[in-house]
Amino acid sequence: MSESEKREAMLYEGGEGQQVRCRLCGHECVIAPGKTGICRVRENQGGKLVSLNYDALVAVNVDPIEKKPLFHFLPGTQSLSVAAAGCNFQCAFCQNWQISQAPRTGRIVGGQAVPPEDLVAAAEQRRCASISYTYTEPTIFFELAYDTARLASERSIRNCFVSNGFMTPRAVRTIAPYLDAINVDLKAFRDETYRRVCKARLEPVLTCLKELVAAGVWVEVTTLVVPGMNDSQAELDDIAGFIAGELGRDVPWHVSRFHGDYQWSDVPSTPPATLARALEAGRSAGLKYVYAGNVPGDENEDTRCPACSSTLIRRVGFTIRENRLSGGACGDCGQVIAGLWQ
Ligand code: SF4
């Protein structure tokens with residue numbers, strides 16, 4: 001294992017004395033010399049902001065793109081999936097907390113040094129159509145994602161983020177030319193929930209989502225429906241209404257079943273009736289593509305034509321059982337289905 005690189009961060013400004021202000025995510029931390037930002041992986045070293053985890057990868061796997069989940073993006077293809085340790089959120093129910101919260105709990109940032117050239121070569125060798133920056137929050141390993149995505153784009157490999165959507169508009173505009181698709185976790189529609197449960201805020205996420213759509217990135221949204229946190233009818237209606245009204249009815253919404261984890265291991269799983277309410281909230285708001293997540297075998301994993309209701313892509317978990325799309329359109333009635341299909 002070679003030692004990982006420490007790299008000057010992108011998107012920051014110098015401030016008073018040797019203070020710096022990071023402009024990468026919605027926290028916009030002001031960082032004194034010798035200190036790190038909220039994510040704990042960006043450090044002010046004598047007035048220069050440094051990424052401590054530039055290429056320190058803690059995960060490199062090949063996953064089906066359906067696992068992200070991205071359902072309207074190159075279905076049935078594999079995605080090289082990479083992560084560095086750390087996160088700018090502190091969600092009490094995080095399912096990857098061992099790596100996302102590692103820097104916060106004083107454990108070493110660690111990881112294996114894998115430079116962008118090697119990642120792109122690995123994607124090619126393993127016949128991956130895309131590279132996904134996932135598992136933890138790609139924003140906090142932005143420099144590696146940016147360098148890799150640029151290189152991958154030149155080799156016709158697509159790039160995907162799986163993100164909490166807390167990027168600043170400036171960060172979105174920086175990565176957008178190389179970012180093909182993103183799944184954003186819209187965790188709630190109450191600022192109080194974001195502050196209490198995730199130590200973050202709602203408004204930057206909504207702004208980021210609108211910026212991503214405006215920048216032409218293919219966007220899918222996921223909401224983990226957590227009993228007692230975001231499962232009221234009013235809140236589900238608010239999320240669905242925001243997606244349909246502000247992002248567009250073509251944006252797929254994945255409503256996923258929650259299973260207890262991390263500090264919320266005692267919270268019960270989402271009842272099937274609650275998930276059904278969430279699906280219905282999406283359809284009532286006019287969303288054309290609403291999917292159930294974490295319920296393998298459920299018919300709501302399938303893609304149906306919004307015009308004639310034919311089943312076009314049949315899925316079981318992350319596996320495609322049948323794909324009847326024809327050139328990005330319904331094989332029966334010819335309706336164009338939004339997404340990036342080839
Ligand atoms: S990425 Fe976000 S949390 Fe980390 S230093 Fe920058 S503004 Fe702060």
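Modeller: Helices (H or I, at least four residues) and strands (E, at least two) are DSSP runs, numbered from the N terminus. This is a predicted model, in which local features need pLDDT of at least 70 and side-chain atom pairs count only at pLDDT 80 or more, while totals for chains, interfaces and linings use all residues. Residues are numbered from 1 along each chain as its sequence is written, and side-chain values use heavy atoms, with hydrogens and water left out.

Colleague: In which loop does Ser156 lie?

Modeller: Phi of Ser156 is near 65°, a positive value in a residue other than glycine. Ser156 counts as exposed because its relative accessible area is 64%, where exposed means over 50%, buried under 20% and partly exposed in between, with a 1.4 Å probe and protein chains only. As for its place, Ser156 lies in the loop between helix H3 (142-154) and E11.

Colleague: What is the C-alpha to C-alpha distance between Glu154 and Tyr178?

Modeller: Glu154 is found in helix H3, and with a relative accessible area of 62% it is exposed. Glu154 and Tyr178 are 24 residues apart in sequence, and from C-alpha to C-alpha they are separated in space by 9.4 Å.

Colleague: Which residues does Ser163 touch, not counting residues up to four places away in sequence?

Modeller: Ser163 has its place in strand E11, and it is buried, with a relative accessible area of 3%. Contact here means heavy atoms within 4.5 Å. Under the stated exclusion, Ser163 touches Glu137, Pro138, Thr139, Ile182, Asn183, Val184 and Asp185.

Colleague: Which residues lie nearest the centre of the largest pocket?

Modeller: On a 1 Å grid over the protein atoms alone, a pocket is an open set of points with protein on both sides within 12 Å along at least five of seven lines, a cavity is a set where a 1.4 Å probe fits but cannot get out, and lining residues have an atom within 4 Å of a point. Grid points are joined across faces, edges and corners, and a volume is the space filled by probe spheres set on the points, which for the largest pocket comes to about 1,000 Å³. The largest pocket is lined by 37 residues, and those nearest its centre are Lys68, Gln95, Asn96, Val162 and Asp185.

Colleague: Which elements give two or more residues to the lining of the largest pocket, and how does that lining divide by class?

Modeller: The elements that give two or more residues are strand E11 (158-163), strand E12 (181-185), strand E13 (218-225), strand E14 (253-257) and strand E15 (290-293). For the classes, Ala, Val, Leu, Ile, Met, Phe, Trp, Tyr, Cys and Pro count as nonpolar, Asp, Glu, Lys and Arg as charged, and the others, Gly among them, as polar. On that basis the lining residues are 14 nonpolar, 15 polar and eight charged.

Colleague: Which residues surround the ligand?

Modeller: The space taken by the ligand is the largest cavity, a molecule being counted as sitting in a cavity or pocket if more than half of its atoms lie within 2 Å of its grid points. The largest cavity has a volume of about 100 Å³, and of its 14 lining residues Cys22, Cys25, Cys29, Cys39 and Arg42 lie nearest its centre. The shell around the ligand has seven nonpolar, two polar and two charged residues. With near taken as having a heavy atom within 4 Å, the surrounding residues are Cys22, Leu24, Cys25, His27, Glu28, Cys29, Ile31, Gly37, Ile38, Cys39 and Arg42.

Colleague: Is Gln101 buried or exposed?

Modeller: Gln101 is in the loop between helix H1 (97-100) and strand E9 (112-113). Leaving aside its neighbours within four places in sequence, Gln101 is in contact with Cys87, Phe89, Gln90 and Tyr262. Because its relative accessibility is 3%, Gln101 counts as buried.
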